[in-house]
Amino acid sequence: MNTDGSSRRSRSRRRRGRAFVGAFAIVVGVLAVLGLAGAAASVAQGPRVTDAYVDPEAAAAASGARLIVTTTQSLAEVDPSQVTITPETPFVVDTSGRSVGVRFTLPLWDDTEYTVTIDDVASLGGGPTATITQTFTTPAAEVFLMQRGTNSGDLIYRTDLTGQNAVPVFRHAHIEDFRATSQHLVVSVRTDDDQAGLIVTDLDGENAHELPLPGDGFVSNLQTADRGERIGYTFSDAELTADSGRESRLYTASLSDPDADPTAIEVEGADPRVAEWRFVPDTDSILLLSFDGSLLLTGSDASAGAPTALGDAMTIEGIARGSSEAVVDRVDRATVIDLTDASEADLVAPDIDLGGTTSVTPLPDGSTIRTAAVLDADGVPTGRTSVAHVGADGATTMLTEIADTDAVIQVCVSPSARYLAVLVAPDAVTNSYDTYQHPLPKRPETRVLEVADGDPVVALNGSSISWCQVPPR
């Protein structure tokens, strides 16, 4: 046996083992030093952005969209005073772990570059602060409108605000009304055998699906919530007698479950017939006005608790998107009700006499758009209609005046409150109404203006622009 050779091989293996361990220790040491150096460098530089997310299209369509920025370090709480948004828009900010979120409490303007700057962003562990800047651009506005009586039936089309890029998206022999959500079109129709139908489609008009209705009858006052894909409408049975049948009952449904039966909204002790109603923005609540004049705040599903009684009213003028303040007409005055606490204040008076006000459309900043009959020096109506912006302090700007040959049917404001749409019947004397359950002039025109100064943007053929929260009335 060659013990010397075996011993030499053993010693060689031990030397190689010690060399490997030493080399491994050196590598680990180097990596540790590099890791510590990298960590130190990261701390020395302050928090750095690793990811940012925002959906500009959603931010322009509805309130509540968020910019979420993720950084390299766990963050100290960010105060709203550290955040600047250009152009200005209201927001709230929250911090969680390595992320900070900026939520836009109102829809953003379309086709606009926004820059969000967060100053003095600090790590929980201390060290230098950093400035985070994110820029994004919202898309140009697109809207849907309805045209009745085209060569191929009634039509819903999509267009931008140039009016040059109209695209047909849905056709039907008889369209009473429609609304748009962030994902769907909901269309109220009458079938060939004069039955009511509610059809939901994608925004391009595809994948049509018929929603269940409470029975055979009539759908009216179709509305959609700003978020959540929830719709509502009033329903009346086709056969009504003094002792039987449902008249103007309120129902809601979720487009997330299009095969589910609609939910009846019934307020115990109140007249079940609903004259007017509105979804309350950013909540699960509904403001309704019953046939007996009772104004009630209730839930939008079957689990709704006891309603809040808000007195008597004649009309619900509206609730601005991103707002909890409803403008209603009492018997003796117009008033603004804060639906969060039921507090109430008179509607601010304009600083110039508008004449006889015919409609009030609230905006998120507390201002309103008002239409009024223009009076002559003797207080006699001239037939013309003024459209004015009345600030929260009463400061009034005249936006446009509609000629005495035309009739104003409805005023709607875009989700961002940047634009105003005035639905008119041109040449009203010769522009007869159709014979639908919800009649409209045969030649409607939608005129879009800038809210800031009344500058005209575009005039579009059609009615029921998708900015509207309620049908024309």
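**Reading strands, salt bridges and cores**

Modeller: Start with β8 and strand β9 (residues 153-160): they pair in the antiparallel sense over seven bridges. Keep in mind that this is a predicted model.

Colleague: Which residue stands opposite glutamate 142?

Modeller: Aspartate 160 in β9 stands opposite glutamate 142.

Colleague: What is the order of the strands in this open sheet?

Modeller: The sheet has three strands in the order β8-β9-β10, and the pairing is antiparallel. β8 (142-150) and β10 (167-172) stand at the edges. Each has a single partner strand, so one side of each is left without a neighbour in the sheet. On average, neighbouring strands of this sheet are turned by 25 degrees against each other, direction ignored.

Colleague: Now β6 and β7. How many bridges pair β6 and β7, and in what sense?

Modeller: Seven bridges, in the antiparallel sense. Take one partner pair: valine 116 has glutamine 134 of β7 as its bridge partner.

Colleague: Is threonine 117 buried or exposed?

Modeller: Buried means under 20% relative accessible area. Threonine 117 has 19% relative accessibility, so it counts as buried. Its place is in strand β6 (residues 113-121).

Colleague: What does threonine 117 touch, leaving out residues up to four places away in sequence?

Modeller: Threonine 117 touches Gln82, Val83, Thr84, Thr131, Ile132 and Thr133.

Colleague: On to cores. What is the general idea?

Modeller: In soluble globular proteins, nonpolar side chains tend to be buried together. Here the largest nonpolar core has 19 residues. The residues with the most contacts inside this core are Val83, Ile85, Val100, Val102, Phe104, Val116 and Ile118.

Colleague: Which elements give two or more residues to this core?

Modeller: They are β2 (66-71), β3 (83-86), β5 (99-104), β6 and β7. β6 gives the largest share, four residues.

Colleague: What should I know about charged side chains?

Modeller: Side chains of opposite charge can pair when their charged atoms come close. The count in this structure comes to 20 salt bridges.

Colleague: How far apart are the closest N and O atoms of arginine 273 and glutamate 247?

Modeller: They are 3.9 Å apart. A salt bridge needs a side-chain nitrogen of Lys or Arg within 4 Å of a carboxyl oxygen of Asp or Glu, so the pair counts. It links distant parts of the chain, 26 residues apart. Arginine 273 is in the loop between β18 (263-264) and β19 (274-279). Glutamate 247 is in the loop between β16 (230-237) and β17 (249-254). Arginine 273 is partly exposed, with a relative accessible area of 30%. Glutamate 247 is also partly exposed, at 32%.

Colleague: What is the partner of arginine 330 in a salt bridge with closest N and O atoms 3.0 Å apart?

Modeller: The partner is glutamate 344. Arginine 330 is in the loop between β24 (325-329) and β25 (334-338), while glutamate 344 is in strand β26 (residues 343-346). Arginine 330 is buried at 11% relative accessibility, whereas glutamate 344 is partly exposed at 35%. Salt bridges that share partners join Arg330, Asp332, Arg333, Glu344 and Asp346 into one network.

Colleague: Last feature. How many disulfides does a search of the whole structure find?

Modeller: One. Cysteine 412 and cysteine 468 form it, with their sulfur atoms 1.9 Å apart. The link is right-handed, with 105 degrees about the S-S bond. Cysteine 412 lies in strand β31 (residues 407-413), and cysteine 468 in the segment after β34 (456-461), so the pair ties together parts that are 56 residues apart in sequence. Both cysteine 412 and cysteine 468 are buried.

Note on methods. Residues are numbered from 1 along each chain as its sequence is written. This is a predicted model: local features need pLDDT of at least 70, side-chain atom pairs count only at pLDDT 80 or more; totals for chains, interfaces and linings use all residues. Side-chain values use heavy atoms; hydrogens and water are left out. Buried means under 20% relative accessible area, exposed over 50%, partly exposed in between (1.4 Å probe, protein chains only). Contact means heavy atoms within 4.5 Å. Two strands pair if DSSP finds at least two bridges between them. Axes are lines fitted to C-alpha atoms, for helices over the stretch in contact, and angles run from 0 to 180 degrees between N-to-C directions. A disulfide is a pair of cysteine sulfur atoms within 2.5 Å. A nonpolar core is a set of buried Ala, Val, Leu, Ile, Met, Phe, Trp, Tyr and Cys residues joined through side-chain atoms within 4.5 Å.
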